[in-house]
Amino acid sequence: MLYGELPKKSDLQRVKNKLDESFEVPDQAINLIYSLPKESETIGLMEAAFGVLAAIYNPTWEKAKNKDIAIEIVAKTATILANIYRAKEGLKPRIPQPSESLARSFLEAAFGGHVEDKKVKAMDIALILYTDHEVPASTTAGLVAASTLSDLYSCIVAALSALKGPLHGGAAEEAFKQFVEIGSPEKVDEWFKTNILDKKKRLMGFGHRVYRTFDPRGKIFKKYAEELASGNEQVKKYLDIAERLEKLGVETFSGKGVYPNTDFYSGIVFYGIGFPIYMFTGIFALSRTLGWLAHFIEYVEEQHRLIRPRALYVGPSQRDYVPLENRG
Ligand code: CMC
C-alpha cells in the first residue's frame, strides 16, 4: 500500500519491526482518553488523541521519513483505539505487544488476553477489506489537509472527521442498530414496511456512490459473519435478520442500483469478534489509516498542489449596505 510493490522478506521484516516498536503513544494522549467521560463518542476520542499527537510530534514532510511516520501512525492508531475500548469499559491502559499480526496485537491489547484464531483472522480480513477505497469523503478531507502541507497526524484528524458521519464510515453502526431494533428474524418484514417503505427512509448499509451493484467487500464480510455466527446464537440471530433485510432491500431498491454495501455485514463481524457498536467506526478508521496515509504521501511527494476549489457565485449581483439599526 505504501511502497507500491509486494515487499521482499527483508523489507517486510523491517516494516514489521518498525510497527512493533511504534505502539507506544505519549502519556498525555492515553491520559486524555481515560480522563474523558466513558460515554464519549469513539471518533471524537480518536480525533482528540490524534490532536495530542499532532501537537507533540508535528512532523514536517521529508521523503526519507514520510513512510516510516506512516507506519508509526498505524501502530499508534491501534494503541489509541484499543485504549478507547478499555477506557470506555472501565479497564486499565494497555499497550499492544508485538505478535504475528497487527490484528492480534490490537485485539489482545483491547481484550487484555489471548484471542481465538478465528476472531484474529476475521479482524485481519477487516483490516484488509477496509484498507483503501479510492477517494471517498474521508480520504478527500485528509488530502485537502495534506495539500496544505499540514502534518500527517493532523491529516488523520481531518479524515476522521469525514469518516464519522452515518453516510460514510458511521454506516456500519447504523446498519447494525437496525438489526438490534428489529430484534428477531420474524419481525424484519413488518419493520421494513413501517420504517423504510412507509416512512420513505434510507436503509442503512445500502447504496454506494460508485457501486451500482453488490459491493464485493460486503460478500467477504458476510462470509466471515457466517463463520463467527457458528456456535454463537446472538451473532446468528443478527445474521438471520440481516439476510432477510438484505433480501427485502435488494427486491425494493436494486432497480435504482442500490445494493448492500460493505458496511451492511461488517458490523456483524465486529460484533462477533466481541466489540460493542460504539467501536465499529473506530475499527473502520484503524483499517483505513494506512490507505489514507498512502494517498496523502503519494499526493504530496508526486503531484503536490494546494487543493483549493473555486465556487461559482450565483447570488444577487449587487446589494447595498444597510446599517444594523435600519434593518428592521
Ligand atoms: N436506501 C434507500 N434508497 C436509497 C439508498 C438507501 N440506502 N441509497 C440511495 N437510495 C436511493 C435514493 O433515495 C435515490 O432515489 P430517488 O432517485 O428515487 O430519489 C437513489 O437511490 C439514488 O440515490 P443518491 O442519493 O443519488 O445516491 P448517492 O450516490 O448520493 O448516495 C449514499 C450514496 C451512500 C450516500 C446513499 O446510498 C446512502 O445514504 N446510503 C445509506 C448510508 C450508507 O450505507 N453509507 C455507506 C456508504 S458505503 C461505505 C462507506 O463509504 O463508508
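A residue counts as buried when its relative accessible area is under 20%, as exposed when it is over 50%, and as partly exposed in between, with a 1.4 Å probe and protein chains only. By that rule Glu134, at 53% relative accessibility, counts as exposed.

The model is predicted: local features need pLDDT of at least 70, side-chain atom pairs count only at pLDDT 80 or more, and totals for chains, interfaces and linings use all residues. Residues are numbered from 1 along each chain as its sequence is written, and side-chain values use heavy atoms, with hydrogens and water left out.

**The ligand**

The ligand is surrounded by 21 residues (a heavy atom within 4 Å). The closest are Arg202, Leu203, Phe206, Arg209 and Asn261. The shell consists of nine nonpolar, seven polar and five charged residues. Here Ala, Val, Leu, Ile, Met, Phe, Trp, Tyr, Cys and Pro count as nonpolar, Asp, Glu, Lys and Arg as charged, and the others, Gly among them, as polar.

| Residue | Protein atom | Ligand atom | Distance |
|---|---|---|---|
| His168 | polar side-chain atom | oxygen | 2.9 Å |
| Leu203 | backbone N or O atom | nitrogen | 2.7 Å |
| Gly205 | polar backbone atom | oxygen | 2.9 Å |

Taken alone, the ligand exposes 940 Å², and the protein buries 73% of that. Such areas come from the Shrake-Rupley method with a 1.4 Å probe; for residues, only the protein chains shown count as cover.

Helices (H or I, at least four residues) are DSSP runs, numbered from the N terminus. The expected span of a helix is 1.5 Å times one less than its number of residues. Helix H1 covers residues 9–20, and its 12 residues should span 16 Å, which agrees with the 16 Å between its end C-alpha atoms. Lys18, Leu19 and Asp20 of H1 are buried. The buried residues of H1 pack (heavy atoms within 4.5 Å) against helix H4 (63–88) and helix H5 (102–111).

Arg104 belongs to helix H5. Its relative accessibility is 7%, so Arg104 counts as buried. Leaving out residues up to four places away in sequence, Arg104 touches Ser99, His114, Val115, Asp117 and Val120.

Helix H6 is made of the 13 residues 117–129; these should span 18 Å, and the end C-alpha atoms are 18 Å apart, which agrees. Buried residues in H6 include Val120, Met123 and Leu127. The buried residues of H6 pack against H5, helix H11 (216–229), helix H13 (263–273) and helix H14 (280–303).

**Loop residues**

Thr131 lies in the loop between H6 and helix H7 (137–147). At 12% relative accessibility, Thr131 counts as buried. The side chain of Thr131 reaches the backbone oxygen of Ile128 at 3.0 Å. Not counting residues up to four places away in sequence, Thr131 touches Met1, Ser287, Arg288, Leu290 and Gly291.

Glu134 is also placed in the loop between H6 and H7. Its phi is near 60 degrees, a positive value in a residue other than glycine. Lys200, in the loop between helix H10 (188–198) and H11, has a positive phi of about 50 degrees although it is not a glycine. At 74% relative accessibility, Lys200 counts as exposed.

Notes:
Polar contact = N/O pair within 3.5 Å; in protein donor to acceptor, adjacent residues only side chain to side chain. Helix = DSSP H or I, 4+ residues; strand = E, 2+ residues; numbered from the N terminus.
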